[in-house]
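Here is a friendly walk through one protein model, for you to follow alongside the coordinates. Please keep the viewer open as you read.

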Amino acid sequence: MERWPNRRPGPDGDPNTDSEIADAKREPSVTAADTGIATARDGATAVTGYTGPAPGTASPVQVSRTGAAIASEGGLAVSGYLAIDRFTLVQQAAPRTPATWPHQVGVLPPRAQSFQHRAEADQLRAAVDGGGTAVLTQVLTGTGGVGKTQLAADYARTAWDSGEVDVLVWISASSRSAITAGYAQAGVEILAADPSDPERAARAFLAWLEPKAEQKPCRWLVVLDDVADPADMRGCWPPTNRHGRVLVTTRRREAALTGAGRRLVTVGLFTPREAAAYFSDVLNAHDRHEPSDQINALATDLGYLPLALAQAVAYIIDADLACTSYREMLADRIRKLADLLPGSGSLPDDQTATVAATWSLSVEHADRLHPVGLARPMLQLCAMLDANGIPEAVLTSEPAVTHLAFHRPHGQQTPAPATAEDSVHALRALHRLSLINHSPATPHQAVRVHQLIQRAAREVLSPSQRDQLADTAADALLSAWPDIERDTNLAQSLRANTLALTQHAAGVQFHVVVYRAGLSLGESGQVAAARDYFQRLAAEAEAHLYPDHAVALIARHNFASWRGRAGDAAGAATALAELLEQMSRVFGPDDPNTLTTGSDLALWRGEAGDAAGAATAFAELLEQLTRMLDPDHPSILSTRANLARWRGEAGDAAGAATAYTELLADQLRVLGPDHPSTLTGRHNVALWRGEAGNAAGAATAYTELLADQLRVLGPDHPDTLGSRHGLAHWRGEAGDAAGAAAAYTELLEQTTRVLGPDHPDALATMANLANWRGAAGDVAGAATTLSELLERMTRVLGPDHPRTLNTRGNIAHWQGVAGDAAGAATTFAGLVEQMTRVLGPDHPDTLGSRHGLAHSRWEAGDVTGGATILAELLGDQLRVLGPDHPDTLGTRATLANWRGLTGDVAGAATTLSELLERMTRVLGPDHPIALATRSALARWQGQKADVDQTVD
């Protein structure tokens, strides 16, 4: 229907108004002639001629000789001139016809080149719940770039091509308006709804999806791709219909997406096989071939992210690069991701965004969630740490919270400080956008983030921002690091995060946390790794700083100490002696660093075998500290403890026990009964009470100490485990070998659980278990356990570590006890040679192995050879250890016994009588060696009396 207001024919038969005619008389006209034919259908408008005023004028237009205008099916045809600003047109649209089935609404994304079939595709097609009921609505979720859209398109294309659906609707659902527009388009096409009212058309389509008894069933599939906000779906979820299916892709993973029978399907990264196959297929399609190891390595470098792999292979092909060259470029920290991927105009598979840009919108969305503005700084902090797992304690520490507070939007004059709770909420915001995986159930690896997301987050930072963020991350790690590492998993995670931080930011390579990570490595039992760690750190410090810099000197100190713990006590002592001279020159003789170096030098001198020299050095150090510090200063107390220990190691066990008892009284007074150092003091008193010969008293003291340690430190504390070790040992020494073996069996299980099977303390516990099994009569069990232990120690500590060598000595001992004296002698001979090379000929362990060799030779029947070796050993012990050392006294007792066994009964009795007097004076009358000597003396005196009586 048309309506022309005030119409009457003009002079040429055109419908002009009076005013137009009057205007035409005053102004020039424009002529449109010889125009063609315009045809209108389906409600369109066809015009032939000229519409509108003359250009640059307000005059009417004269139109002549126009052609025909033909309208059909409700169209409007005009031939001539329309003064558009002077008339009203009401047009009746042509009637619409609903589309017939099968029908597709929207355009599916093209199939990616070399599309890989993935497990998630099978999971989508086998959509049933736990009870076997079909799941009609599925939500594909995952971080940007994992291939959610391609999986959804594959699912939809397969359903369409196989004839499983009658109506397929694909909607790009990045906003509420986009969702409404998609539904409206479906309503227009399928229901012939009015396109001028999108909201009404969308509602009509959703209503049509509702199952209706009288309606012919329609098998439909609605795909909503890239839902940005679950709130956009409020009121827009397609209804449940057994003939219909819904598939949603999104980076979000709120609970709102999985309600009402909807199933969440998490899309992860490519598997290594899928990544390699994809890369190879694309290369092959371009007649390119690369070694499989390089393809696999590049897939690892890119974190198996499908989008990154697609864009990387496109770049490699376009730039004609080899995988090795691309990997070198990717490893270059100076280059940015944007420099290593195609430009926006060269992206493969109709992609619209680069890897970095893919996540930028997600970050913006996360930053708008509660707490506003904290998601981005939290992601930047995560980007400096380990992609494979960050402890939540690091990200909720005080330095991390301070970082968030600094970056909180300053819309208020006085913004509220951030809290640990804000940190957790920021993590949840990032998790909801699939930028990280936040799993509070695994607190030591609570946060995981893809390595390329990390890189993209770092690359937007300025150098100064990155340096500041690195310092914050280092401080956060240090803040979360416990003083005592009771949790080995946490310690491992903190070390991994420290390593990742140093790789992301070279400026923190000498931060305190880097030294803490090295100490943690050694404390976990990886002594050789700690030694190598500090060796590298010392070399880097000297190269980047200067040899006399405090950081370089401290690194060298740590290297020397762990060198000793790794088995090279003599090398540690030599290195510390050189370092002590340098520190005295740089810092002065009374500087704490110098004094600590001197203390460690004395320690490793003792561990290298010079117990008397260590005792002398600690006595001198104590005198120096006494002049400088208060007598109750912790450094003086610890030096007194070291002095007592090395006096005991030098042979004066009773003196050590007395010194430790005096020290304990001062520790109780100064530190209190529950201080860790006081508890350690009680441990030392118990230990040296046993070493002085009072095994039962030592066991009692350990029993009392253990009760307090359980209360103060807990059952898994290393000191508590150490007391259990002492209690088991001295129970065995007091005569209960079976009880000791049982206690060590329980202790080994606990130590392995707490510290790990390869920790030195676990290995030491295993060694003691084997020895007490043998002492309890299970010689075969002892041999089996020691053989297993030797293999483990060789792998963990190395073949030349003192503990490994001692284990070989124990194997030889039980070999002899089992009756194979000749085999034991052969084992001891090889061990003596190795110990002489590794530890030196005068080391106590070397001397002890020579004693074992002599005894085995004797037991094997080589009486002369055994006695000769033992006599030579005694001479060296007198020179190295002194005449009053327990080992020296023990060797003299053995020689005396052998004299008796070879027939010199009188000589044996005389020697043992003299020896017993010395032992009683040095060790005390109740020391086990003195008791054994008294028993042997009685034997030989009895035999001598029998001989004398026979002679008479």
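## Two helix pairs

How do the axes of helix H20 (residues 550-565) and helix H22 (residues 592-607) cross, and within what distance do they come? In this predicted model, the two axes come within 11 Å and cross at roughly 15 degrees. An angle under 35 degrees counts as roughly parallel, and H20 and H22 are therefore roughly parallel to each other. Their crossing is left-handed. On the H20 side, the residues that take part are Ile 554, His 557, Ser 561, Gly 564 and Arg 565. They meet Asn 593, Thr 596, Thr 597, Asp 600 and Trp 604 in H22.

Now turn to helix H32 (residues 802-817) and helix H33 (residues 821-838), which pack at an angle of about 165 degrees with their axes 8 Å apart. That angle makes H32 roughly antiparallel to H33. The crossing of H32 and H33 is left-handed. H32 brings Leu 805, Asn 806, Arg 808, Gly 809, Ala 812, His 813, Gln 815 and Gly 816 to the contact. From H33 come residues including Ala 821, Gly 823, Ala 824, Thr 827, Phe 828 and Gly 830, and also Leu 831, Gln 834, Met 835 and Val 838.

## Aromatic pairs

There are 8 aromatic pairs in the structure. One to look at joins Tyr 315 and Tyr 326: the ring centres are 5.8 Å apart and the planes stand at 55 degrees, so the pair is tilted. Tyr 315 belongs to helix H8 (residues 306-319) and Tyr 326 to helix H9 (residues 323-331), so this pair ties together parts that are 11 residues apart in sequence. Are these two tyrosines buried or exposed? Tyr 315 counts as buried at 18% relative accessibility, and Tyr 326 is buried with a relative accessible area of 0%.

A tilted pair is also formed by Tyr 515 and Phe 534, at 6.2 Å centre to centre and with 40 degrees between the planes. Tyr 515 sits in helix H18 (residues 512-523) and Phe 534 in helix H19 (residues 527-544), so the pair ties together parts that are 19 residues apart in sequence. Both Tyr 515 and Phe 534 are buried. Elsewhere, ring pairs link Trp 101, Tyr 183, Phe 205 and Trp 208 into a cluster.

## Charges over rings

Which charged end sits over the ring of Trp 562? It is that of Arg 565, 4.3 Å from the ring centre. Arg 565 is also one of the H20 residues that meet H22. The charged end of Arg 262 sits over the ring of Trp 237, 3.8 Å from its centre.

## Backbone details worth a click

Most residues other than glycine have a negative phi, and most peptide bonds are trans. A cis peptide bond joins Trp 101 and Pro 102, with omega about -5 degrees. Trp 101 is also a member of the ring cluster described above, while Pro 102 is found in the loop between strand S6 (76-82) and strand S7 (103-105). The peptide bond from His 370 to Pro 371 is cis too, with omega near -5 degrees. Pro 371 lies in the loop between H10 and helix H11 (375-382).

Ala 192 has a positive phi, near 60 degrees. Its place is in the loop between helix H4 (176-191) and helix H5 (198-209). Asp 226 has a positive phi as well, near 65 degrees, but this residue is found in strand S10 (residues 220-227). At 30% relative accessibility, Asp 226 counts as partly exposed.

## Around Glu 364

Glu 364 has its place in helix H10 (residues 355-368). With 37% relative accessibility, Glu 364 counts as partly exposed. How many Å separate the C-alpha atoms of Glu 364 and Ala 375? The separation is 8.7 Å, for residues that are 11 apart along the chain.

## The whole protein

Stepping back, the protein has 38 helices and 14 strands. Of its 952 residues, 48% are buried. Among contacts between residues at least 6 apart in sequence, 66% join residues at least 24 apart.

Note on methods:
Residues are numbered from 1 along each chain as its sequence is written. This is a predicted model: local features need pLDDT of at least 70, side-chain atom pairs count only at pLDDT 80 or more; totals for chains, interfaces and linings use all residues. Side-chain values use heavy atoms; hydrogens and water are left out. Rings of Phe, Tyr and Trp (its six-membered ring) pair if their centres lie within 6.5 Å; planes under 30 degrees apart count as stacked, over 60 as edge-to-face and the rest as tilted. Helices (H or I, at least four residues) and strands (E, at least two) are DSSP runs, numbered from the N terminus. Buried means under 20% relative accessible area, exposed over 50%, partly exposed in between (1.4 Å probe, protein chains only). A charge sits over a ring if NZ of Lys or CZ of Arg is within 6 Å of the ring centre and within 35 degrees of the ring normal. Axes are lines fitted to C-alpha atoms, for helices over the stretch in contact, and angles run from 0 to 180 degrees between N-to-C directions. Angles under 35 degrees count as roughly parallel, over 145 as roughly antiparallel, 65 to 115 as roughly perpendicular and the rest as oblique. A crossing is left-handed if the near helix is turned anticlockwise from the far one by less than a right angle, and right-handed if clockwise. Contact means heavy atoms within 4.5 Å.
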